[in-house]
Amino acid sequence: MNETVVTLVGNAATGVEFRETATGGMARFRFAVTARRWDREKQLWADGHTSFYTVWAWRTLAANIAGSVAVGEPLLVHGRLKVREEERDGQRRTFVDIEAVAVGHDLTRGTAAFRRVLRGDPTLTARPGRREGPDAVGDERGRGNAAGRGRRRAGAAAGEAAGTAARAPVGVMVRQEQIPELASAP
């Protein structure tokens, strides 16, 4: 069967709803895609129309999305396009869904730290909880109070001194080396 496969770049518009089903997990969230165009007269980028999609995911992908995606985060969604029409309250409505094959953070707008999930270990896909109080450092994705940010900055500075990338999470060593073929590239 021929299917329409699309890749969309946008933002998570809602939180991820996750449910366990008889065949495994199911996740869904709304996804907003806004077209951008260059306005020659004003010499700046302008937002166009925003399209909304419902993204559906199943099994392992669903669990990983539930543990990784929050409202407003920039994402890439790759999957099968499904358009359906329904009649509700006497009105015909059109819904556009994406059955996700792959979902990831858009690294042109930020950084991410990948954690491989071991099958059967649900704690690896659980979103880290936020602690309250004066000693709260924040979760491992970089959200927290000033003390936590200070520790991350100190770790990044130590990493720069050791020759590692400044953007690597604290405790992660990144080796930078020059590729000979690219050394002469402009």
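Trainee: Where does D97 lie?

Mentor: D97 lies in strand β6. Keep in mind that this is a predicted model.

Trainee: Is D97 buried or exposed?

Mentor: D97 is buried, because its relative accessible area is 7% and the cut-off is under 20%.

Trainee: Which side chain does D97 have a polar contact with?

Mentor: R84. The side chains of D97 and R84 make a polar contact of 2.7 Å.

Trainee: And what else is D97 in contact with, leaving aside neighbours within four places in sequence?

Mentor: The list is T54, W56, R80, L81, K82 and R84.

Trainee: Next one. Where is D106 found?

Mentor: In the loop between β6 (91-105) and α2 (146-161).

Trainee: Buried or exposed? I mean D106.

Mentor: D106 is buried, at a relative accessible area of 9%. Its side chain has a polar contact of 2.6 Å with the side chain of T108.

Trainee: What does D106 contact beyond four places in sequence?

Mentor: V9, P74, L75 and L76.

Trainee: Let's zoom out. How many helices and strands are in the protein chain?

Mentor: Three helices and six strands. Along the sequence the pattern is β-β-β-β-α-β-β-α-α.

Trainee: What share of the residues count as buried?

Mentor: 24% of the 186 residues. The chain exposes about 13400 Å², and carbon and sulfur atoms supply 52% of that area.

Trainee: How about contacts across the sequence? What part comes from residues 24 or more positions apart?

Mentor: Take the contacts with a separation of 6 or more. Residues 24 or more positions apart account for 50% of them.

Trainee: Now the largest nonpolar core. Which residues touch the most other members?

Mentor: L8, F29, F31, V55 and I98, out of 18 residues in that core. Two or more residues each come from β1 (5-12), β3, β4, α1, β5 (74-88) and β6. The largest share is from β3, with four residues.

Trainee: Pick L8. What is L8 in contact with, leaving aside the close sequence neighbours?

Mentor: Setting aside residues within four places, L8 contacts F31, V33, Y53, L75, L76, V77 and I98.

Trainee: How many residues apart in sequence are S51 and V33?

Mentor: 18 residues in sequence, and 5.2 Å in space, C-alpha to C-alpha.

Trainee: Over to helix α1. Which residues of α1 are buried?

Mentor: The helix covers residues 59-68, and its buried residues are L61, A62, I65 and G67. Their cover includes β2 (17-21), β3 (24-39), β4 (44-58) and β6.

Trainee: How do β2 and β3 pair, parallel or antiparallel?

Mentor: Antiparallel, over five bridges. The two strands form a hairpin with two residues between them. F18 sits in β2 and stands opposite A27 in β3.

Trainee: Is F18 buried or partly exposed?

Mentor: F18 is partly exposed, with a relative accessible area of 34%.

Trainee: What does F18 touch?

Mentor: Not counting residues up to four places away, F18 touches G25, M26, A27, A62, A63 and A66. F18 and A62 are 44 residues apart in sequence and 7.2 Å apart in space, C-alpha to C-alpha.

Trainee: Last topic, rings. How many aromatic pairs does a search of the whole structure find?

Mentor: Three. One of the pairs is W38 and W45, which is edge-to-face, with 5.5 Å centre to centre and 70 degrees between the planes. W38 is partly exposed, at a relative accessible area of 39%.

Trainee: And W56 with W58? Why is the pair stacked?

Mentor: Look at the planes. They are at 15 degrees, and the ring centres of W56 and W58 are 6.4 Å apart, so the pair is stacked. Stacked requires planes under 30 degrees apart. W58 is partly exposed, with a relative accessible area of 33%.

Note on methods
Residues are numbered from 1 along each chain as its sequence is written. This is a predicted model: local features need pLDDT of at least 70, side-chain atom pairs count only at pLDDT 80 or more; totals for chains, interfaces and linings use all residues. Side-chain values use heavy atoms; hydrogens and water are left out. Buried means under 20% relative accessible area, exposed over 50%, partly exposed in between (1.4 Å probe, protein chains only). A polar contact is a pair of N or O atoms within 3.5 Å; within protein, one must be able to donate a hydrogen and the other to accept it, and residues adjacent in sequence count only if both atoms are side-chain atoms. Contact means heavy atoms within 4.5 Å. Accessible areas come from the Shrake-Rupley method with a 1.4 Å probe; for residues, only the protein chains shown count as cover. A nonpolar core is a set of buried Ala, Val, Leu, Ile, Met, Phe, Trp, Tyr and Cys residues joined through side-chain atoms within 4.5 Å. Rings of Phe, Tyr and Trp (its six-membered ring) pair if their centres lie within 6.5 Å; planes under 30 degrees apart count as stacked, over 60 as edge-to-face and the rest as tilted. Two strands pair if DSSP finds at least two bridges between them.
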